[in-house]
Amino acid sequence: MRKQLKTIIYEILEFSENKNFYSLLDDIFITCLILINVAAFIASTSPHLSQEYKVFLENIEIVSSLVFTIEYALRLWVCTVDRRYSHPLWGRFRYSLTPLSIIDLISILPFYALLLFPNLSFVNLIRLLRLLRLLKMSRYSESVRTLGAVLYAKKEELIATAFAVFILLIFASSVMYFVEYEAHPKAFGSILDSMWWGVVTLTTVGYGDIYPITPLGKLLGAMLAFLGIGIFALPAGIIASGFSEEVQRRKQEKIGANLDQSANCQSVQMLGEVEIGFEQQQRAIALYVESSADLMQMCINSAKQKLGSHIENEEVLRDLAIHLYNETVRKFQL
């Protein structure tokens, strides 16, 4: 009974299936609770809202933290259903080191840390960890899982693009430093200051706080701005192609699953038809054998009654009975 209960809870918590009502209810409830908790955290940073709704916002944090704690404890309890974590001690330890489990733990730590040590100097930093609860939605949101799958599949292309941008940023910032240092030493006092200008220019944001004033610096800035348009379009194209490939792959998986299910249903149906046909054939054969046996018995009795007094040899009577049987079958097409 206990093992069956663990299996049921494991399926509810670990699998997001629309067919399972309790699993769907858990997904909706936890997702809404995460959004409410994050909204309460954002509202608590407002002086007006934090004072007027202080108790309400604190209650939201308490309730959500307790629910997330219970959820985390239940996941640790039922994770042994999975063969990878079947060991009662080391299995749970391995499960606690999985990325999503670490996120679950970190997301509830701020509540208990502030509860035990309310005077910590880095309270705001700890409170900021509450935003990690948004990452918990990857368990329940298909779109978040899709985004993670796309980023993982395209990691090599994205890393190559980031490396190219980094090289270009270093090169452009260094050249701009040597070009603009003498004319504008406050804005371009070092390569690090020039790197801030390079980031703003490459991303085409253009805050306007740092800008070149020499003709050569302006020319380099214009060239870097045009390069930034093309380079920062690369990640968008890579991610877009990744989304397209992922969507097509999932469509093919669904089509394949539907075909397999349809094939299985057809196989079961054909097997049932074969079994039904074989049973009917067996009954027909049984009826034929029974009627043939009755006919043969009738032929033997007739041969004995009509010719038994004249023929004493049993083999001759048998041959006559068989001949009579064959003639009867042929004539009446039995």
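1. The backbone nitrogen of I213 sits 3.1 Å from a polar atom of the E180 side chain. This is a predicted model: local features need pLDDT of at least 70, side-chain atom pairs count only at pLDDT 80 or more, and totals for chains, interfaces and linings use all residues. Residues are numbered from 1 along each chain as its sequence is written, and side-chain values use heavy atoms, with hydrogens and water left out.

2. E180 belongs to helix 9 (residues 155-180); helices are DSSP runs of H or I, at least four residues, numbered from the N terminus. E180 is buried but has no salt bridge. Buried means under 20% relative accessible area, exposed over 50%, partly exposed in between (1.4 Å probe, protein chains only). A salt bridge needs a side-chain nitrogen of Lys or Arg within 4 Å of a carboxyl oxygen of Asp or Glu.

3. Which residues does E180 contact, leaving aside neighbours within four places in sequence? They are P185, F188, P212, I213, T214 and G217. Contact means heavy atoms within 4.5 Å.

4. The whole structure holds four salt bridges. One of them joins E71 and R75, with the closest N and O atoms 3.0 Å apart. Both E71 and R75 are buried. They are four residues apart in helix 4, so about one helical turn separates them.

5. E245 and K154 also form a salt bridge, at 3.2 Å from N to O. This pair links distant parts of the chain, 91 residues apart: E245 is in helix 12 (residues 233-307), K154 in the loop between helix 8 (142-153) and helix 9. E245 is partly exposed at 46% relative accessibility, whereas K154 is buried at 11%.

Definitions and conventions
Helix = DSSP H or I, 4+ residues; strand = E, 2+ residues; numbered from the N terminus. Lys, Arg positive; Asp, Glu negative; His and termini not counted. Polar contact = N/O pair within 3.5 Å; in protein donor to acceptor, adjacent residues only side chain to side chain.
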